[in-house]
Amino acid sequence: MANPRIVVFEDLDKNFEQLKGPLAARLEGVAEIVRYEGEREVKDGNWAAAEGWVREFLMVPAPATLAIVDSDLTAFSHPAPQQFIRAIADEQAIPTVHYQSKVESDHKIKRLRRWQEKGIGIEPGTDHATIAVICADAALGFHRIAEKVAGSGETPRLLDTLRNLLQPPSDAPLHLEQFAIGSQELLGVIDARGKGDALRFVATWMGYLIFNRILAFPGPILNKVATAAYLSIAPVELESPDIQEALLPARYAGPFNGSGAWWRSALDTIIAASLDKEARTVPTGHVVLEKLLTRKIKASRCHDGEELDEEAYLCILTNDVVCSRHSDTPEAWIPQGADRCRIHTDDFEALKGWLGML
Ligand SMILES: [Zn+2]
């Protein structure tokens, strides 16, 4: 398989330079990074010409591994709004990351819609260096998935390929079937396309599933904040080398692991292994790690401010630790199996009000 080709739609030189540095640092020698020119003129309002230029950039010489798209491209000399680029990327199953510097008032609602998106949305207001880090991880992840799918024969077996990519511990409850069944889009793929295209569609679908659902909504796999909440330690403690080493056997090593994630069942195994024979209750991860590392470890703190001494959750709206007393689990908004996710009560009430449910 050819080297990854990362394409960037960013109209401002200054922003592109800030993206390119950290991107190149992570992808040097591994991937090609190309920027869309955006300098040509559309004649007589003929947008079709611009559509052709964007399409060619995304598909030639080979379909892009990842398209990174700024939401505001008004400094280009021809019209190329984000929706227009995303429509082509969507039609051709080119993985897309979109970002915006402006924070809008409804961004919490947008967080909730993440798992329905065909694309990866970066939290509005994120700085360009952080965007680049997320994009590099996304590019490597999509490339890895594409290679795995391409290597799995004429008709890849979907769930086997997913399992193979994620490499779950044997006791991890991964109900992958729920994702495959009812995905109309996916069922139509193999029929509708030529073989090469079909594999790209399957790989892109898998990438979004892993990024936007399995990793974004912690259940069997916990992201950094969810892991800290589960272990009852402050998220910043997960940066400490001694804690990283202690938790290494539980580390998630599948696609998009750049920001750190851990298998919950493997964390349970680490905790269980440290128990005294006489122990009557299972201690928190916090207690176990303090004993194991013989040092004080900062406790987790609920979004509400109180220090916690219990397993807590990820609030998917605030991206913060939240305890069971200050949060809700609205079924409609949290995917099945994502049982380490909740929504802070105040945010939940505000959302219900906004949606007219109060
Ligand atoms: Zn609380």
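Predicted model: local features only at pLDDT ≥ 70, side-chain atom pairs only at ≥ 80, totals over all residues.
Residues are numbered from 1 along each chain as its sequence is written.

The protein contains 14 helices and 11 strands, where helices (H or I, at least four residues) and strands (E, at least two) are DSSP runs numbered from the N terminus. Of its 358 residues, 37% are buried; a residue is termed buried if 20 or more other C-beta atoms, placed from the backbone, lie within 10 Å of its own, exposed if 12 or fewer do, and partly exposed in between. Contacts, defined as pairs of residues whose C-beta atoms, placed from the backbone, lie within 7 Å, are made by residues 24 or more positions apart in 66% of the cases with a separation of 6 or more.

An open sheet is formed by five strands in the order 2-1-3-4-5, with parallel pairing; two strands are taken to pair if DSSP finds at least two bridges between them. Strand 2 (32-35) and strand 5 (120-121) are the edge strands of this sheet, each pairing on one side only. Strand 5 runs parallel to strand 4 (residues 96-99) and is joined to it by two bridges, with Val97 standing opposite Ile120 of strand 5. Helix 3 (residues 82-92) lies across strand 1 (5-9), strand 3 (66-70) and strand 4, and runs at about 165° to strand 3. Helix 5 lies across strand 1, strand 3, strand 4 and strand 5, at about 155° to strand 3. Axes here are lines fitted to C-alpha atoms, for helices over the stretch in contact, and angles run from 0 to 180 degrees between N-to-C directions.

Helix 5 also packs against two other helices. Two packed helices are described by the angle between their axes and the distance between the axes. The axes of helix 1 (residues 13-27) and helix 5 come within 8 Å and cross at roughly 40°, which makes helix 1 oblique to helix 5; angles under 35 degrees count as roughly parallel, over 145 as roughly antiparallel, 65 to 115 as roughly perpendicular and the rest as oblique. The crossing of helix 1 and helix 5 is right-handed, a crossing being right-handed if the near helix is turned clockwise from the far one by less than a right angle, and left-handed if anticlockwise. Residues of helix 1 at this contact include Asn15, Gln18 and Arg26, and those of helix 5 include His128, Ile131 and Cys135. By class, the contact of helix 1 with helix 5 comprises 11 nonpolar, three polar and one charged residues, with Ala, Val, Leu, Ile, Met, Phe, Trp, Tyr, Cys and Pro counted as nonpolar, Asp, Glu, Lys and Arg as charged, and the others, Gly among them, as polar.

Helix 5 (residues 128-150) packs with helix 6 (residues 158-166) at an angle of about 135°, their axes lying 10 Å apart, and the two helices are therefore oblique to each other. Ile145, Lys148 and Val149 of helix 5 make the contact with Thr161, Asn164 and Leu165 of helix 6.

A further open sheet consists of four strands in the order 9-8-11-10, with mixed pairing, and its edge strands are strand 9 (320-322) and strand 10 (327-328). Strand 10 pairs with strand 11 (residues 341-344) in the antiparallel sense over two bridges, and Ser327 stands opposite His344 in strand 11. Helix 14 (residues 345-354) packs on this sheet, touching strand 10 and strand 11, and its direction makes about 75° with that of strand 11.

Several loop residues were also examined. Pro220, in the loop between helix 9 (195-214) and strand 6 (221-223), counts as buried because 23 C-beta neighbours lie inside 10 Å. Pro220 and Leu174 are 46 residues apart in sequence but 6.5 Å apart in space, C-alpha to C-alpha. Most residues other than glycine have a negative phi, and most peptide bonds are trans. A cis peptide bond, with omega of about 5°, joins Val60 and Pro61, and Pro61 is found in the loop between helix 2 (47-59) and strand 3. Thr294 has a positive phi near 45° and is exposed, with 7 other C-beta atoms within 10 Å. Asn319, in the loop between strand 8 and strand 9, has a positive phi near 55° and counts as partly exposed, with 15 C-beta neighbours inside 10 Å.

Terms used: Contact = placed C-beta atoms within 7 Å.
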